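Let's take a walk through one protein chain and see what its atoms can tell us. Have a look at the sequence and the 3D view, then read on.

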Amino acid sequence: MPGRKTRRRNARLQKAATVAPRPVDKLRPIVRCPTLKYNRRVRAGRGFSLAELKEAGIPRKLAPTIGISVDPRRANLSTESLALNVERLKAYRARLILFPRRNGQFKKNDSSKEEIEEHTKDEGKITRKTGLALPITNISRAEAVGEVSKSDMPEGTENAYRQLRDARSEARLVGVREKRAKAKAEEASAAKK
């Protein structure tokens with residue numbers, strides 16, 4: 001259908017106008033793609049883990065109400081990803097302006113009256129998409145691969161391959177060398193008699 005593209009676009013614009021000044025999408029975590037082929041890439045995940053929310057100091061029941069997606073099944077396998085997503089949550093929380101539910105009745109997590117007045121004046125500051133405010137970017141291949149100079153290498157690793165081969169041959173020939181040394185010692189003791 002030729003009009004479907006227009007219809008979908010109008011629906012998106014209508015949704016944005018309905019939920020305004022809230023963003024259209026929810027904040028999602030940064031996760032690594034699965035499998036060895038793609039694990040150098042990062043992408044948007046389903047939702048933040050409960051551990052990440054706890055570290056950022058955001059209650060799990062409050063998170064979905066302020067535009068943060070939550071995935072209680074997700075587990076953090078590394079401290080790096082945990083720290084990265086906690087930083088993302090804190091950055092979002094710092095930028096977030098919470099309007100009071102009832103006009104004039106401010107609660108604990110709501111933004112101050114001055115902040116609200118400042119942002120209602122300037123409509124251009126309001127971000128419609130969370131992905132644009134806090135983008136998920138992959139590092140380029142040129143940045144990811146760096147050349148290591150000999151001066152950066154630690155001492156004693158100049159001929160690492162040779163050292164590994166020597167250690168392997170030592171381990172392999174331990175029994176033969178002991179037997180040879182024992183035979184030599186017996187021969188020497190027999191020659192003395």
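## Starting at Arg88

Let's begin in helix α3, where you'll find Arg88; helices here are DSSP runs of H or I with at least four residues, strands are E runs with at least two, and both are numbered from the N terminus. Is Arg88 buried or exposed? Arg88 counts as buried because its relative accessible area is 9%. For that word the limit is under 20%, while exposed means over 50% and partly exposed is in between, using a 1.4 Å probe and protein chains only.

Which residues does Arg88 touch, if we skip its neighbours within four places in sequence? The contacts are Leu27, Arg28, Pro29, Ile30, Phe48, Leu134, Pro135 and Ile136, where a contact means heavy atoms within 4.5 Å. Take Leu27: Arg88 is 61 residues from it along the chain, yet their C-alpha atoms are separated by 9.1 Å.

## A word on the model

This is a predicted model, so local features need pLDDT of at least 70 and side-chain atom pairs count only at pLDDT 80 or more, whereas totals for chains, interfaces and linings use all residues. Residues are numbered from 1 along each chain as its sequence is written, and side-chain values use heavy atoms, with hydrogens and water left out.

## The whole chain

Stepping back, the chain has seven helices and two strands, and they come in the order α-β-β-α-α-α-α-α-α. Of its 193 residues, 20% are buried. Among contacts with a separation of 6 or more, 53% are between residues 24 or more positions apart.

What about the outside? The chain's accessible surface is about 15,900 Å², and carbon and sulfur atoms own 53% of it. Areas like this come from the Shrake-Rupley method with a 1.4 Å probe, and for residues only the protein chains shown count as cover.

## Salt bridges

How many salt bridges does a search of the whole structure find? It finds four, counting a side-chain nitrogen of Lys or Arg within 4 Å of a carboxyl oxygen of Asp or Glu. One of them joins the side chains of Arg74 and Glu52, at 2.9 Å from N to O. This pair links distant parts of the chain, 22 residues apart: Arg74 is in the loop between α2 (50–56) and α3 (79–95), and Glu52 is in helix α2. Both Arg74 and Glu52 are buried.

Another bridge pairs Asp71 with Arg73, whose closest N and O atoms are 3.5 Å apart. Asp71 is buried, at 9% relative accessible area, but Arg73 is exposed, at 65%. Then there's Arg177 with Glu170, at 3.2 Å from N to O. Arg177 is partly exposed at 37%, and Glu170 is also partly exposed, at 44%.

## A positive patch

Arg4, Arg7, Arg8, Arg9, Arg12 and Lys129 gather in a surface patch of positive charge. Patch members have over 30% relative accessible area and no salt bridge, with like charges joined within 9 Å. Within this group, Arg8 is found in helix α1 (residues 4–19), and Arg8 is exposed because its relative accessibility is 53%.

Most residues other than glycine have a negative phi. Now look at Thr35, whose phi is positive, near 70°. Where is Thr35? Thr35 is in the loop between β1 (30–32) and β2 (42–44), and with a relative accessible area of 53%, Thr35 is exposed.

Key
Patch = residues over 30% accessible without salt bridge, like charges linked within 9 Å, V, L, I, M, F, W, Y side chains within 5 Å. Lys, Arg positive; Asp, Glu negative; His and termini not counted. Charge placed at Lys NZ, Arg CZ, Asp CG, Glu CD.
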